[in-house]
Amino acid sequence: MRIPSLLLRFPRCYFSRRTYSMNFGLTPRADLLGVRSLRPAHRCHTEWICSPGGLRRGLCQQAAPQQQVEGLCDREQRLVDRLYHGLIQGHRACLAEAITLIESTQSRKKKVAQVLLQKVLSYHREQEKLNQGKPLAFRVGLSGPPGAGKSTFIECFGKMLTERKHKVSVLAVDPSSSTSGGSLLGDKTRMTELSRDMNAYIRPSPTRGTLGGVTRTTNEAILLCEGGGYDVVLVETVGVGQSEFAVADMVDMFILLLPPAGGDELQGIKRGIIEMADLVAINKADGDLVVPARRIQAEYVSAMKLLRKRSKVWRPKVMRISAKTGEGISDMWDKMTEFRDLMLSSGELLAKRRKQQKVWMWNLIQENMLEHFRSHLAVKDKIPLLEEKVLRGVLSPGLAADLLLKAFKDGL
Ligand SMILES: Nc1nc2c(ncn2[C@@H]2O[C@H](COP(=O)(O)OP(=O)(O)OP(=O)(O)O)[C@@H](O)[C@H]2O)c(=O)[nH]1
């Protein structure tokens with residue numbers, strides 16, 4: 001066995017379990033939770049691993065599994081290590097368990113989840129470096145009104161991608177589930193074939209919680225899916241309420257799926273969301289619906305010409321597809337990859353992702369601050385009283401807000 005000369009000179013460097021070169025960055029949420037747990041960078045990019053076949057030289061792709069993480073007990077540390085290794089080896093059960101962990105509202109579990117996320121993030125960075133800085137996955141948002149054919153589309157589109165050797169995950173953001181108690185989206189019965197596909201992972205959104213909570217965990221679930229080797233992450237949301245705006249802020253490309261119906265039938269769709277779309281797909285362009293689909297396509301093409309340009313390299317497209325027959329789906333994927341390549345080569349994609357990180361952090365701050373404010377002892381009891389006065393019109397909203405904010409500041 002030939003031993004590299006450097007190894008002879010610095011055996012401890014190579015054999016000291018594993019040494020890693022990572023600058024552990026933080027997810028916005030970890031920063032808020034004050035997670036500073038993974039020990040800082042070591043300076044070695046390659047490691048020599050003793051294996052039965054002799055010394056093996058490998059790139060450091062893992063985030064310090066042996067290093068002690070401050071603040072975690074042994075059991076938690078083992079959980080993090082188990083989920084991390086399972087996740088990056090592509091075990092769906094570990095991915096599911098990791099997402100359940102990040103969805104937890106229990107403070108201890110939240111902390112453990114953040115430690116896991118940091119490890120996954122470090123792994124990401126290493127993988128991206130190996131991939132010449134290209135992102136590991138293509139993040140796609142999909143929105144559309146109920147009945148537009150989202151699940152039929154995802155089933156057809158997902159199967160096409162897995163046949164082409166992609167790994168696809170589908171995450172659903174469904175704010176209505178917090179009030180209705182049931183998840184409209186992400187229901188595996190809606191995508192029966194895809195949910196049986198070993199290269200696809202479908203995750204229903206949690207059925208409780210606020211939109212803020214759901215979107216926060218979706219953001220983190222995206223990272224976990226990417227760590228699990230899913231190279232296309234589809235985030236689905238129903239086109240009512242605010243969820244589609246939140247989704248548009250966490251993906252590389254935002255797609256609006258519409259049925260071949262006119263303005264009146266699409267009341268739920270807000271004008272603003274059309275402005276967010278990088279691609280509008282008019283679905284159900286088959287049979288008798290081909291003619292109305294053409295008309296709607298023409299209407300959207302002219303309407304979108306009037307919209308403010310959001311990218312230097314891409315003008316939003318309007319396409320006709322049929323999720324039922326599969327027509328146009330392959331062309332749509334071609335357009336999507338064209339978008340990704342253009343955005344990547346122009347640098348817009350990475351700039352967009354960076355901006356999203358900042359938006360994500362501020363959303364979390366807003367959400368946490370409001371919660372903190374509402375539950376603060378100095379204001380908690382005053383809120384119902386002042387709300388009632390505002391409702392009766394005896395106090396202006398501005399004055400009521402000033403009074404509450406003053407009570408909060410004084411109580412800090
Ligand atoms: N003709 C035709 N019908 C379609 C097509 N895609 C979906 N449909 C039908 O439209 C109906 C609604 O489709 P879904 O895929 O459930 O729509 P969805 O947007 O997921 O609806 P929600 O689950 O309510 O959010 C079903 O009856 C589908 O069979 C299509 O391309 N052509």
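This report describes the confidence, strand pairing and nonpolar cores of a predicted model.

## Confidence

The protein chain has an average pLDDT of 78, and 73% of its residues score at least 70. Within the chain, helix α14 (residues 329-346) has the highest confidence, with a mean of 96, while strand β1 (residues 46-51) has the lowest, at 33. The pLDDT is below 50 over residues 1-25, a stretch with 54 contacts in the model beyond near neighbours in sequence. It is also below 50 over residues 31-68, where 112 such contacts occur.

For the complex, the predictor reports an ipTM of 0.96 and a pTM of 0.76.

## Strand pairing

Strands β8 (residues 279-282) and β9 (residues 317-320) run parallel and are joined by 4 bridges. Val280 has Val318 in β9 as its bridge partner. Together with helix α13 (residues 290-305), β8 and β9 form a right-handed β-α-β unit.

Beyond its neighbours within four places in sequence, Val280 is in contact with Leu256, Leu258, Met304, Lys317, Val318 and Met319.

## Nonpolar cores

The largest nonpolar core comprises 53 residues. Val280 is among the residues with the most contacts inside this core, as are Leu95, Ile99, Leu116, Leu224 and Ile282. Helix α6 (residues 107-130) supplies the largest share of the core, 8 residues. This core lies between domain 1 (5-130) and domain 2 (138-346), because both domains give residues to it.

Another core, of 33 residues, lies apart from the largest one; it includes Leu142, Val168, Met253 and Met319.

Definitions and conventions
Residues are numbered from 1 along each chain as its sequence is written. This is a predicted model: local features need pLDDT of at least 70, side-chain atom pairs count only at pLDDT 80 or more; totals for chains, interfaces and linings use all residues. Side-chain values use heavy atoms; hydrogens and water are left out. pLDDT is the predictor's confidence in each residue, from 0 to 100. Helices (H or I, at least four residues) and strands (E, at least two) are DSSP runs, numbered from the N terminus. Contact means heavy atoms within 4.5 Å. Two strands pair if DSSP finds at least two bridges between them. A crossover is right-handed if, with the strands pointing away from the viewer, the path from the first strand over the helix to the second runs clockwise. A nonpolar core is a set of buried Ala, Val, Leu, Ile, Met, Phe, Trp, Tyr and Cys residues joined through side-chain atoms within 4.5 Å. Buried means under 20% relative accessible area, exposed over 50%, partly exposed in between (1.4 Å probe, protein chains only). Domain bounds come from an automatic or database domain assignment.
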